[in-house]
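Subject: Structure handover

Hi,

Here is the structure I promised to pass on to you. Have a look at it first, and then read on for my notes.

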Amino acid sequence: MSKLTSKEEFMAKFDSCKGLLALRVAGGSLDSKKKDILCCGGTGCHASCAQEIMDNLRAEIKAAGLENDVNVVQTGCFGFCAQGPIVKVMPDNIFYVQVKPEDAAEIVTKHIVNHEPVERLLFVEPMLKQAIHDYAQMSFYAKQSRIALRNCGLIDPEKIEDYIANDGYLGLTKCLFEMTPDQVVQTVLNSGICGRGGAGFPTGLKWKIAAGVKAEEKYIVCNADEGDPGAFMDRSIMEGDPNSVIEAMAIGAYAIGAQRGLVYIRAEYPLAVNRLQKAIDQAREAGLLGQNILGTDFSFDIEIKLGAGAFVCGEETALIHSMEGQRGEPTTKPPFPANIGGGYWGCSTNVNNVETYASIPQIIVKGADWYAGIGNWKRELDENGNFVKTISGNAGTKVFALGGKITNTGLVEVPMGTTLREVIEEIGGGIPNGKSFKAAQTGGPSGGCIPASLIDTPIDYDNLIAIGSMMGSGGLIVMDEDTCMVDLARFFLDFTVDESCGKCTPCRIGTKRLLEILDKIIAGNGELEDLDRLEELSNYIKSASLCGLGQTAPNPVLSTLRYFRDEYVAHIVDKKCPAGVCKSLLQFKIDLDKCIGCGMCAKNCPADAIARTDYIAPGHKLASFAIDPAKCVKCGACMEKCKPHAIYKD
């Protein structure tokens, strides 16, 4: 794209690009001639032959002589990861799932040429057990409000023209020519958006603090290296809509007076890094980054800093140290990063995460009131319409990485205040295999567990904290009746122990001691006094740790003790794991009345722990089998192979 040197040139380019997306977003019919075939190009689908699918589609289109009528467009992640690879035909709005390279010929021949959908590739709603022809009617998407994810699955992330066509860089242009930096800050403050990286600090207030610092050199930083599940969402936005982050960083830089931007992203995500670099290069070539942007006196540029995926570097001071080439460790505050002496190379620095930035351009284009009206946020404004204080609730939307024992896994974006039940049952499609919902864990590895009794809790920052969980970076892991909550707490604590930077004693030593107590309980050696020790130590770690990693690490322990204490007691007193998960407390037994004496269990036992007995069940001619608990390694192979289901866990 040629360099744009004025507002007039940008608006002319914007108008010319607008028609690019008209076909994809307009309603159409199966017999419309012009079509776009959108193919998911996210990391997950790439690993499942997405490139081969696209190559095959292009070859079939060429063979049919339809090159001028049909475009194959690589997009970012659609979010519905459980059903990938995904192919969507527009403007028909027909959504094909679990597509294979060999399906390309049928899609082109049947759908494109003969105007008939390929029924076998349509998504089938689990509850209704019927194929869905119209993407908009799929329950996974119907309840979502996609703002941060608005372009993922819609545009080609490697073409800046596609981004511009969907209101891209319109927000930056509005800021440069119609708003002062103070007005930009006030708009973000009025919108009510809070940092989506976990802490939930008001973004507008963060920008206001940075803008108030008098300094010749300032930096604006994008944290794209958060730990899972934040990294999953960051990666998907970077892969599917990198220009939204670039534009938002430029808007933030204009607002606070920064000249340089840095994106800190983990090197393990090469596709995201590659697409982000392409987007930066294209924005620079178009005059939307660099010196005197669009002919103004505002100059701003961005560079990429690669990280190694350390969970602790989600904390902004640890991130800054890592960007400087130092060990990724947090520091005490003040000074805060916005203060001189607290930021990148001692300069005033503002840090926000990917999801926060992805919403900023839409807030500028559509206004603070539009965003504040989404969710359940109530605010008090002064006589000039400026934000004074929050009355209740939270504004905007939140992206969650929905996973675990749930039918529909993937990325979902919902308004604040959406209940846990709506996410699990309506968007997630409920618990598979007829199991019952037991708990959900929000906030990533440091989040808390929410029991089934609180499934109607509205999801927002305040409500989650009140019940012992947190929003965090947006993980939402669903658990069914087969989950052991003690084992789950141990699993997440094991992660935070490994990820601790080791700088402060409460986190370095305290989390290790917590893990040792949980190991003791799971091994069947626990005592009731251990429950008091867990609570006392957890509260100490929360209050005394240096950064957010240590302060939130005990959350899984505290929340499971709060809501599932009976499971801890069962492990300690009864020496049993109610969910049948903890191997040390588990025994495999044979129901002799069900055993038919086929011997499949003994044949498949790797430890030779199963032998024939003299007992013959009534009505059977063959002797039964018995399991020697001393030899049993509790692998479950016998239970898996037993056709009459005579083997059970006790």
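Before the sheet, one term: two strands count as paired here if DSSP finds at least two bridges between them. Please also keep in mind that this is a predicted model.

With that in hand, five strands make up an open sheet with mixed pairing, and their order is E14-E13-E17-E15-E16. Its edges are strand E14 (410–415) and strand E16 (448–451), each of which pairs on one side only. On average, neighbouring strands of this sheet are turned by 30 degrees against each other, ignoring direction. Inside the sheet, strand E15 (residues 437–442) pairs with strand E17 (residues 475–480) in the antiparallel sense, over five bridges. You will find alanine 440 opposite valine 478 in E17. Helix H16 (residues 420–427) packs on this sheet and touches strand E13 (397–404), E14, E15, E16 and E17. The direction of H16 makes about 115 degrees with that of E15.

Next, a pair of helices. As a reminder, two packed helices are described by the angle between their axes and the distance between the axes. For helix H7 (residues 170–178) and H11, the axes come within 9 Å and cross at roughly 15 degrees. Because of that angle, H7 is roughly parallel to H11. The crossing of H7 past H11 is left-handed. On the H7 side, the contact involves Leu170, Gly171, Leu172, Cys175 and Leu176, which meet Glu247, Ala250, Ile251 and Tyr254 in H11. By type, the residues of this contact divide into seven nonpolar, one polar and one charged.

H11 (residues 242–256) also holds serine 244. Is serine 244 buried or exposed? Serine 244 has a relative accessible area of 0%, so it is buried. Leaving aside residues up to four places away in sequence, serine 244 touches Arg150, Tyr163, Ile237, Tyr357, Ala358 and Pro361.

Finally, helix H8 (residues 181–191). H8 is mostly covered, with eight of its 11 residues buried. Which ones are the buried residues of H8? They are Val184, Val185, Gln186, Thr187, Val188, Leu189, Asn190 and Ser191. Just after H8 comes glycine 192, whose phi is positive, at about 85 degrees.

Happy to go through any of this with you.

Best wishes

Conventions: Residues are numbered from 1 along each chain as its sequence is written. This is a predicted model: local features need pLDDT of at least 70, side-chain atom pairs count only at pLDDT 80 or more; totals for chains, interfaces and linings use all residues. Side-chain values use heavy atoms; hydrogens and water are left out. Helices (H or I, at least four residues) and strands (E, at least two) are DSSP runs, numbered from the N terminus. Axes are lines fitted to C-alpha atoms, for helices over the stretch in contact, and angles run from 0 to 180 degrees between N-to-C directions. Contact means heavy atoms within 4.5 Å. Buried means under 20% relative accessible area, exposed over 50%, partly exposed in between (1.4 Å probe, protein chains only). Angles under 35 degrees count as roughly parallel, over 145 as roughly antiparallel, 65 to 115 as roughly perpendicular and the rest as oblique. A crossing is left-handed if the near helix is turned anticlockwise from the far one by less than a right angle, and right-handed if clockwise. Ala, Val, Leu, Ile, Met, Phe, Trp, Tyr, Cys and Pro count as nonpolar, Asp, Glu, Lys and Arg as charged, and the others, Gly among them, as polar.
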